[in-house]
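Thank you all for coming; I would like to go through one model with you this morning. Please have the sequence and the picture in view while I talk.

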Amino acid sequence: MEVIHKIGRRKTAVARVYLAKGKGKITVNKKDMADYFTTATLQYKVNQPLAMTNNDGNFDITVNVYGGGITGQAEAIRLALSRAMCELDAENRAILKPEGLLTRDPRMVERKKFGQKKARKKFQFSKR
């Protein structure tokens with residue numbers, strides 16, 4: 001098996017995932033995943049596609065991720081891994097699709113408008 005390369009995005013985060021046969025080592029930006037994602041919730045999000053398809057510990061995964069915050073990065077990695085699992089075996093699609101792991105979340109931050117405090121919040125009106 002050659003290396004599988006997939007891309008995942010969430011908000012402004014972009015993750016490039018490289019999947020190869022191995023012992024289950026996940027490296028994110030040249031750091032161990034546990035060092036990069038310190039909370040158990042984020043580690044669970046990254047591992048979710050592997051756990052659902054029973055591929056824990058079968059692959060060495062290298063991830064390059066940039067942009068956005070830590071949660072957006074974890075969800076971008078999750079999307080890329082889900083796509084890689086589908087390329088690996090077409091039957092995995094039926095497992096991941098109902099959980100929404102193959103859907104790119106389109107929600108982005110709304111831009112700030114001119115003459116307003118934020119995207120929707122207005123400056124306070126004073127009657128004096």
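Predicted model: local features only at pLDDT ≥ 70, side-chain atom pairs only at ≥ 80, totals over all residues.

Let me begin with H2 and H3, whose axes come within 8 Å and cross at roughly 10°, where an axis is a line fitted to C-alpha atoms, for helices over the stretch in contact, and the angle runs from 0 to 180 degrees between N-to-C directions. H2 is therefore roughly parallel to H3, a label used for angles under 35 degrees. Residues are numbered from 1 along each chain as its sequence is written, and side-chain values use heavy atoms, with hydrogens and water left out. Helices (H or I, at least four residues) and strands (E, at least two) are DSSP runs, numbered from the N terminus.

Which residues meet between these two helices? From H2, they include Leu42, Val46 and Leu50, and from H3 they include Ala74, Ile77 and Leu81, with contact meaning heavy atoms within 4.5 Å. By class, the contact of H2 with H3 has 9 nonpolar, 3 polar and 3 charged residues; here Ala, Val, Leu, Ile, Met, Phe, Trp, Tyr, Cys and Pro count as nonpolar, Asp, Glu, Lys and Arg as charged, and the others, Gly among them, as polar.

Tyr36 and Phe37 are both buried. Their ring centres are 5.0 Å apart and their planes are at 85°, so the pair is edge-to-face; rings of Phe, Tyr and Trp (its six-membered ring) pair if their centres lie within 6.5 Å, and planes under 30 degrees apart count as stacked, over 60 as edge-to-face and the rest as tilted.

Finally, the loops. Asn54, in the loop between H2 and E5, has a positive phi of about 55° although it is not a glycine, and at 65% relative accessibility Asn54 counts as exposed.

Conventions
Buried < 20%, exposed > 50% of the residue type's maximum accessible area, 1.4 Å probe, protein only. Parallel < 35°, antiparallel > 145°, perpendicular 65-115°, else oblique.
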